Amino acid sequence: MIDGKKILFSGMQATGTLTLGNYLGALKNWVTLSNEYECYYSVVDLHSITVRQDPEELRTRARNLLTLYIAAGLDPEKNCIYYQSHVSGHAELAWILECFTYVGELNRMTQFKDKARKHADNINAGLYTYPVLMAADILLYQADVVPVGSDQMQHLEITRDIAGRFNSLYGDIFTIPEPYIGKAGARIMSLQDPEKKMSKSDENPNASVYLLDEPSVIMKKFKRAVTDSEGCIAYRDEQPGIRNLIDIYCAATDKTVDEALKEFEGQGYGTLKTAVGESVVAILEPLQKRFKELSEEKTYIDSIIKKNAEKAEATAQKTLKAAQEAVGFPARM
């Protein structure tokens with residue numbers, strides 16, 4: 001806790017380009033959370049290299065992601081926005097925590113199994129121990145809360161288990177983090193397969209709306225969105241494509257589902273798709289404009305990167321030093 005505020009940690013990988021799902025499901029909410037918590041928002045580029053990356057592309061995407069954080073409304077003076085790779089404590093603490101993590105626990109991680117299937121030619125140790133690095137990310141800043149979706153809850157649970165095991169041996173070194181469950185209705189699904197989440201890595205370019213897509217591209221993607229042959233606009237599981245469009249419309253306009261259904265009563269799917277596309281264009285326009293402005297302010301972004309890395313490093317070193325002393329490492333002179 002800092003100045004009476006609980007500490008919150010979250011981050012996104014510097015792979016691909018952020019989607020509408022990333023924005024409505026996480027980034028938009030981060031801005032609200034920054035008023036309530038002392039926030040550390042990381043560009044988690046260490047996690048990114050569990051899959052092979054082009055070095056120049058990774059650097060560009062990492063910078064773009066950090067810039068998008070700010071463009072979306074996160075104040076870099078109030079929030080610590082930084083590159084994970086610029087704080088050595090992430091990797092150092094991860095090694096210590098690996099020695100307190102059981103192989104059986106890692107074997108139960110469903111995301112490792114999923115990623116191993118997708119990247120069968122590169123099943124590396126980093127992919128396997130990924131949850132431990134995630135635990136280090138969280139525990140390094142003594143985070144009280146971590147925003148999580150259902151797909152990340154397992155990683156937070158192992159983080160809590162590792163921290164509890166370490167604390168039982170050495171005292172209260174780490175804060176045991178709690179999940180922060182955001183409001184419902186921001187789970188954005190693929191436009192081409194509404195049974196699965198919208199993803200940065202989807203091979204179908206029409207499945208995801210990216211935050212930097214041109215307005216004309218966004219409109220085309222929504223017009224091509226998968227619906228059904230029922231011909232009526234209803235919010236039910238049997239019509240996942242329509243349900244997804246309504247969810248997006250409500251998240252973009254702050255309307256309720258009932259309000260949306262009333263608005264589109266008796267209308268065709270074309271009308272719905274156009275309205276959803278226009279609402280998304282409207283919310284992304286100021287973000288895109290600000291991103292373009294910030295991208296041209298190289299000196300300013302460089303200063304944010306340096307300043308916030310120093311802030312993150314100072315906090316991280318306190319926790320790292322306590323963990324190192326606890327396990328018996330010699331004091332540094």
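Colleague: How many residues does the largest nonpolar core have, and which have the most contacts inside it?

Modeller: This is a predicted model in which local features need pLDDT of at least 70 and side-chain atom pairs count only at pLDDT 80 or more, whereas totals for chains, interfaces and linings use all residues. Residues are numbered from 1 along each chain as its sequence is written, and side-chain values use heavy atoms, without hydrogens and water. A nonpolar core is a set of buried Ala, Val, Leu, Ile, Met, Phe, Trp, Tyr and Cys residues joined through side-chain atoms within 4.5 Å, where buried means under 20% relative accessible area, exposed over 50% and partly exposed in between (1.4 Å probe, protein chains only). The largest has 61 residues, and those with the most contacts inside it are L20, Y23, L27, Y41, Y69, F222 and V280.

Colleague: Which helix gives the most to this core?

Modeller: Helices (H or I, at least four residues) and strands (E, at least two) are DSSP runs, numbered from the N terminus. With 11 residues, the helix that gives the most to this core is α12.

Colleague: What does L27 touch, not counting residues up to four places away in sequence?

Modeller: L27 is one of the residues with the most contacts inside the largest core. Taking contact as heavy atoms within 4.5 Å, L27 touches M12, L18, N22, L68, Y69, A72 and L74.

Colleague: On which side of α9 are its buried residues, the same or opposite ones?

Modeller: The buried residues of helix α9 (residues 215-223) are I218, M219, K221 and F222. The arc is that of the directions from the helix axis to the C-beta atoms. Because these residues cover an arc of only 160° around the axis, they are on the same side of α9.

Colleague: What do the buried residues of α4 pack against?

Modeller: In helix α4 (residues 89-98), G89, H90, L93, A94, I96 and L97 are buried. They cover an arc of only 165° around the axis, which puts them on the same side of α4. These buried residues pack against α2 (45-48), β3, α7, α8 (153-170) and α13.

Colleague: How are α3 and α13 oriented, roughly parallel or roughly perpendicular?

Modeller: Axes are lines fitted to C-alpha atoms, for helices over the stretch in contact, and angles run from 0 to 180 degrees between N-to-C directions. Angles under 35 degrees count as roughly parallel, over 145 as roughly antiparallel, 65 to 115 as roughly perpendicular and the rest as oblique. The axes of α3 (residues 55-71) and α13 (residues 298-327) come within 11 Å and cross at roughly 90°. The orientation of α3 to α13 is therefore roughly perpendicular.

Colleague: Is N79 buried or exposed?

Modeller: N79 is found in the loop between α3 and β3 (80-83). Leaving aside neighbours within four places in sequence, N79 is in contact with S34, C39, Y41, L74 and N308. At 1% relative accessibility, N79 counts as buried.

Colleague: What phi does D254 have?

Modeller: Most residues other than glycine have a negative phi. D254 is in the loop between α10 and α11 (257-263) and, at 58% relative accessibility, counts as exposed. Although D254 is not a glycine, its phi is positive, at about 65°.

Colleague: How far apart in space are V257 and Y235?

Modeller: V257 lies in helix α11 and counts as partly exposed at 24% relative accessibility. V257 touches Y235, I246 and C250, not counting residues up to four places away in sequence. V257 and Y235 are 22 residues apart in sequence, and their C-alpha to C-alpha separation in space is 7.8 Å.
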